[in-house]
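Hi everyone, thanks for making time for this one.

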Amino acid sequence: MSNRKTPITIARAGSDEAAFIAVYELTLALHREGGYATLDNIKAATAVWRVLDEGMVWLARDEDGTAIGTLGLVELPFWYSRETYLQDAWFYVAPIHRRGRVGIELLRAARSEAAAAQQKMTRIYGRGEDGQS
C-alpha cells in the first residue's frame, strides 16, 4: 500500500544527534535493501556524519515526524577542472512511500538549493520497487 497522499515535509538536516540518528537509520535500511558489501558500522557512521557536517542532507518526514526519506550530497571537484559539482552520497525513500512525491520533493529541494548556490549537480539515479534503475 502506497502513502502517496500522506502530507510530507522536506527540510535540510542539521548536524545534530537527532538528525544523525534519523539519517543513519535510513541509510542502514538502504544498505539492507541494496545487498551491498558487508557493513562496517564505524565507517558508515563516520561517512554519514561527514556528509551531515560538510555536505548537504535533506530529510523527508511524514505528518507524524517520522523520517521516510533522505538525500545526501557531497561537493567534489571535476577531475579535469578546479570547479566543483554535487554528487549524491545516498538517496533513499522508505518502500511504502515510493512511487509517490517523496523522492521528487527531495530532488526538488536539492536542485533548488544547488541552483541558488550556483552549483552543478550530477544526475541522480534511484531504483524502482523492482530493483531496476
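So, what are we looking at? The protein has 3 helices and 5 strands. Please keep in mind that this is a predicted model. Starting at the N terminus, the order of elements is β-α-α-β-β-β-α-β.

A few overall numbers for you. The protein has 133 residues, and 37% of them count as buried. Its accessible surface is about 8,400 Å², with 51% of that belonging to carbon and sulfur atoms. If you take the contacts with a separation of 6 or more, 61% of them come from residues 24 or more positions apart.

Now to the sheet. All of the 5 strands sit in an open sheet, in the order E1-E2-E3-E4-E5, with mixed pairing. At the edges you'll find strand E1 (8–12) and strand E5 (120–121), each of which pairs on one side only.

Let's zoom in on strand E2. With E1, it pairs in the antiparallel sense over 5 bridges, and there Ala-11 stands opposite Leu-59. With strand E3 (residues 67–77), strand E2 (residues 56–62) is again antiparallel, over 6 bridges. In that pairing, Val-57 stands opposite Gly-72, and Trp-58 has Leu-71 as its bridge partner. The hairpin of E2 and E3 leaves 4 residues between the strands, and Gly-65 takes a positive phi near 90° there.

Is E2 enclosed or open to the outside? Here 6 of its 7 residues are buried, so E2 is largely enclosed by the rest of the structure.

What lies across the strands? Helix H1 (residues 17–34) lies across E2, E3 and strand E4 (84–93), and runs at about 75° to E4.

That takes us to the inside. In soluble globular proteins, nonpolar side chains tend to be buried together. In this model, the largest nonpolar core has 19 residues, and Val-23, Val-48, Leu-52, Val-57 and Leu-59 have the most contacts inside it. H1, helix H2 (41–54), E2, E3 and E4 each give two or more residues to this core, and H1 gives the most, with 8.

Leaving out residues up to four places away in sequence, Leu-52 touches Ala-13, Gly-14, Ser-15, Ala-19, Phe-20, Val-23 and Val-57. Apart from this core lies another one, of 15 residues, including Leu-73, Leu-86, Phe-91 and Ala-114.

How values were computed: Residues are numbered from 1 along each chain as its sequence is written. This is a predicted model: local features need pLDDT of at least 70, side-chain atom pairs count only at pLDDT 80 or more; totals for chains, interfaces and linings use all residues. Side-chain values use heavy atoms; hydrogens and water are left out. Buried means under 20% relative accessible area, exposed over 50%, partly exposed in between (1.4 Å probe, protein chains only). Contact means heavy atoms within 4.5 Å. Accessible areas come from the Shrake-Rupley method with a 1.4 Å probe; for residues, only the protein chains shown count as cover. Two strands pair if DSSP finds at least two bridges between them. Axes are lines fitted to C-alpha atoms, for helices over the stretch in contact, and angles run from 0 to 180 degrees between N-to-C directions. A nonpolar core is a set of buried Ala, Val, Leu, Ile, Met, Phe, Trp, Tyr and Cys residues joined through side-chain atoms within 4.5 Å.
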